[in-house]
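Please examine the sequence together with the three-dimensional model shown below.

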Amino acid sequence: MQVLGIDIGGSFIKGAVVSIETGQIVSERLQVVTPQPATPEAVIESVCHLVALFNWGGVVGCGFPAVIQGGVAKTAANIDASWVGVHVQELLEKKSGCHCFVVNDADAAGLAEIQFGQGKGRVGTVLTLTLGTGIGSALFFQGRLIPNLELGFLPLNEGVAEHYAAAAVKTKEGLSWQLWTQRLNVFLAQVERLLCPELIILGGGISSEHEMFFPYLQAQAEITPARFFNQAGIVGAACFASS
Ligand code: BGC
């Protein structure tokens, strides 16, 4: 079975067709810029444009950068505030004409890693963190997801963790790899104190540059780049739609 996986991010909306038996991307990958302001109307229009580019009429799995409960967005950190309370799933189905499933974007990335990537076969506590515009988190125990964990909002440095250590902060503040990784280490220490994961998987765009910062990382847990790097959200959204 094939599902169109879509990952709505703070900067780009990306998509690809995924074989949910193997977790492999079986089409080209396409992306459009996330419209600003990222209002429901503008974002859904861009997603529908992407669906049309694939000439797709089948099932769509969509990762969304907010707490998602029963298809409804409950928060809006890096998207327009007007998303709060919007039934993302219903809106997407109505506008695209496809059967759609919506999940938190980091939960999607974690699902891909648990089913087909670095977390495959691991039964202990496995944490996937996505480092991008914000910090996403997905916690698994015995292969089961505890959804909507928002570790990016842990209090840190008189603010919240994602304003201190997300990948976008490195760019915005012009931090060196070493300085940014020091910030990430402060965040990881907090996370480890709270959750004691056995394995931490780091995803998001920056994970494809892991050679640049892994040497500076400090963690008690085993720590690894995501197998799917920045594609984990696409693959995982497709997996979610078929689960
Ligand atoms: C959101 C999370 C999301 C993460 C990564 C955060 O700002 O609150 O829900 O998973 O960004 O996109």
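This is a predicted model: local features need pLDDT of at least 70, side-chain atom pairs count only at pLDDT 80 or more; totals for chains, interfaces and linings use all residues.

Residues are numbered from 1 along each chain as its sequence is written, and side-chain values use heavy atoms, with hydrogens and water left out.

A nonpolar core is a set of buried Ala, Val, Leu, Ile, Met, Phe, Trp, Tyr and Cys residues joined through side-chain atoms within 4.5 Å; buried means under 20% relative accessible area, exposed over 50%, and partly exposed in between (1.4 Å probe, protein chains only). The largest such core has 29 residues, and I6 and F64 have the most contacts inside it. Helices (H or I, at least four residues) and strands (E, at least two) are DSSP runs, numbered from the N terminus. Two or more residues of this core come from each of β1 (2-8), β2 (12-19), α1 (40-53), β5 (59-64), α2 (88-96) and β8 (99-104). The largest share, six residues, is given by α1. A second, separate core of 28 residues includes Y164, W177, L188 and F214.

G132 lies in the loop between β9 (125-131) and β10 (135-141). Its relative accessible area is 25%, so G132 is partly exposed. G132 and A168 are 36 residues apart in sequence, yet their C-alpha atoms are 5.8 Å apart in space.

Helix α6 (residues 177-195) has buried residues that include W177, W180, L184 and L188. After α6 comes C196, whose phi is positive, near 45°.
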